[in-house]
Amino acid sequence: MEKCVPMAAGKNEDLKYEVSNNNNRINVHIPDDIAFSILSKLPIKSLKRFGCVRKSWSLLFENPYFMNMLRNHFLYNNNRHCSDYGGDTFLFLYEPLRPHYYRASFYLLSNDKFEDRIKLDLPPPFDGEDIAMYILSSVSVNGIFCLGKDTRRGIVNSFQAALWNPATAEVMGIPPSPDESVPPYRDPFFIFHGFGYDNVRDDYKLIRYITFFQVVDEEEDVPYEDRSYDPLLQIYSLRSNTWRILDVNIPDGYDISMIDFEKPVGVYMDGVCHWWGTTDFGNGEGYLVRLVVLNESIALISNRFKATTFHISILVELGVKESWIKLFIVGPIPSLDWPIAVGKKGGICFRQTNDELVWIDLSTQIIDEIGVKGERYCYQMGIYKESLLCIGGIND
Amino acid sequence: MAQEASSSTSSKTISLKTGDGEIFEIEASAAKQMKTVQRLIDDLGDDITIPLHNVFSKELPKIIEYYKKDITGEITKDFEAEFVKDLNDDEVKVLFLAANYLDANKLFEFLSQNIADRLESKSVEYVRKYFGVENDFTPEEESKLREERAWSFRGIKEDE
């Protein structure tokens, strides 16, 4: 065994260890080119912190050679995680039955190819023709989906949701909340919804934000107290099978529905629902933005309006706006129109201008056709892992 | 100690001599995984003892153990966890540098990840010492950067 003898240990001096057999190998310098092999495998949060080690490390994120290593590791990790997790890709889209007439369809793709699809029947009332429905948070949590449907009868908007386990065909409707029963002229408008899992309470929850039409016309025969309803943020718990109001102030002026062409379903990851909103109403640079989950991080895919180069940034730390890191650039690829979702193998599904859906591999930028077309803006895709979870069994 | 080369060519062994003069045997198929060794074999032939000036008797057996397992195709996550379990950070660093010198890619990548995992929550000063690099920031520059990146310091004990 070697003997380790500490030498001079002043307050600001490095402790140097002399190892008898092998001259000072312990504090030997690791050259940058091999140091990068270690650094590129660190979590980005640690990398940001270690920027304080020395000047060249504070510039790592501007070093193309290093960023390449970081990207490769990010994707390698993602692919490994995806193959460990297993599951299929689910695809929800609107298929044209005849010109201008669409029907919602739900498929499982085992090989990320449409030709290897299994069509699953959507449960009633989501199986009708020409209805506007979507999957809340574009996610399946523990094998469960939350399906949502907006209908408009006359001037009244209503929202219906149900929890669905495709493997067992179990469906459980979500009851309406008393707060949404308002006189017809109050016109509730469902701004955004989300679905997710509370792992502390082992509970499945829905969240939604409702605003009410403000009656401003002085001549309308409306009782004073009915003129203005505050917006409501509500949460539903499967365990208690009830809605309750959350006392959280959503800042005024955030418009969530304008950004996403589709329903503002947002994304869910790890106990948190996320939506993209803006306070900039069309005076901005004209960026289109899509929120997705990439390799267990919240990510943003954005492009300038009509441009075919897409930038992908990930949010390293929730709640920290300085922690958005631009990681990938896709394109310019002229055929691309709009990103849809992240797939099983870390590729991104894009819609092309010819309506076809394709996979783009993030490391090679190779395009792989999925083999399906659909109505312009209504696609949702994600990863589904079958489970035999009994939804009704969660009810207390 | 030394294995007899059998009539089958696949069990040919190569002799390696460390910087501190000890000799170890490895199978030719394992030597192939260490590109530096393979290059030396190509230059010097496989009958002579290959000198490895920068690798020592403390780490070479461990490296040989890794590639012995690798040629049977059996490197699992459990094996890798066990492999580094009793090594401290400095011992892993020595192995890492040796794997780099030997151009043993699989081991190098595995150890890179292991070191990254070990350093993830360490302090900036610890990482400086570990990589043997100097702090070339002025105190003002460093404190400015720390402030900018304050969010990345949350939850980290900086004096470790």
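Two residues are taken to be in contact when heavy atoms of theirs lie within 4.5 Å. On that basis, among contacts in chain B of this predicted model between residues at least 6 apart in sequence, 59% join residues at least 24 apart. The secondary structure of chain B comprises nine helices and three strands, which follow one another along the sequence in the pattern β-β-α-α-β-α-α-α-α-α-α-α. The radius of gyration of chain B is 20 Å, well over the 15 Å that the globule rule gives for 160 residues, so the chain is more spread out than a compact globule. Along the principal axes, the C-alpha trace of chain B spans about 65 × 30 × 20 Å.

With regard to its surface, chain B exposes about 8700 Å², of which carbon and sulfur atoms supply 48%, while 42% of its 160 residues count as buried. The side chains of chain B include 22 that are positive and 35 that are negative, and the centres of these two sets lie 3 Å apart.

Within chain B, helix H2 (residues 35–44) contains the buried residues Thr36(B), Val37(B), Gln38(B) and Ile41(B). In an α-helix there are 3.6 residues a turn, so residues three or four places apart point the same way. The buried residues of H2(B) pack against strand S1 (13–18), helix H1 (28–32), strand S3 (50–52) and helix H5 (89–102) of chain B. Just after H2(B), Gly45(B) takes a positive phi of about 90 degrees. Further along chain B, Glu140(B) belongs to helix H8 (residues 139–148) and, with a relative accessibility of 58%, counts as exposed.

The size of an interface is often given as the accessible area lost when the parts come together. Between chain B and chain A, the buried area is about 3700 Å², with 64% of it given by carbon and sulfur atoms. Of the area that chain B buries against chain A, 22% is supplied by Phe131(B), Arg149(B) and Trp151(B), more than by any other three residues. In terms of contacts, 45 residues of chain B meet 37 residues of chain A.

In chain A, Ser302(A) is found in strand S17 (residues 297–304) and counts as buried, at 14% relative accessibility. When neighbours within four places in sequence are left aside, Ser302(A) is in contact with Leu288(A), Val289(A), Thr309(A), Phe310(A) and His311(A). Lys306(A) is exposed, with a relative accessible area of 71%. A positive phi, of about 65 degrees, is also found at Gln365(A), which is not a glycine; Gln365(A) is placed in the loop between strand S22 (356–360) and strand S23 (367–373) of chain A, where its relative accessible area of 25% makes it partly exposed.

Cis peptide bonds also occur in loops of chain A. One joins Pro124(A) and Pro125(A), with omega at about 0 degrees, and Pro125(A) is found in the loop between strand S5 (117–120) and strand S6 (132–135). Another joins Gly331(A) and Pro332(A), with omega at about 10 degrees, and Pro332(A) lies in the loop between strand S19 (324–330) and strand S20 (336–342).

Terms used:
Residues are numbered from 1 along each chain as its sequence is written. Chains are lettered from A and ligands numbered from 1 in the order in which they are written. This is a predicted model: local features need pLDDT of at least 70, side-chain atom pairs count only at pLDDT 80 or more; totals for chains, interfaces and linings use all residues. Side-chain values use heavy atoms; hydrogens and water are left out. Helices (H or I, at least four residues) and strands (E, at least two) are DSSP runs, numbered from the N terminus. The radius of gyration is taken over C-alpha atoms; the globule rule is 2.2 Å times the number of residues to the power 0.38. Buried means under 20% relative accessible area, exposed over 50%, partly exposed in between (1.4 Å probe, protein chains only). Accessible areas come from the Shrake-Rupley method with a 1.4 Å probe; for residues, only the protein chains shown count as cover. Lys and Arg count as positive and Asp and Glu as negative; His and the chain ends are not counted. The place of a charge is taken as NZ of Lys, CZ of Arg, CG of Asp or CD of Glu. Buried area is the accessible area (1.4 Å probe) that two parts lose on being put together, summed over both.
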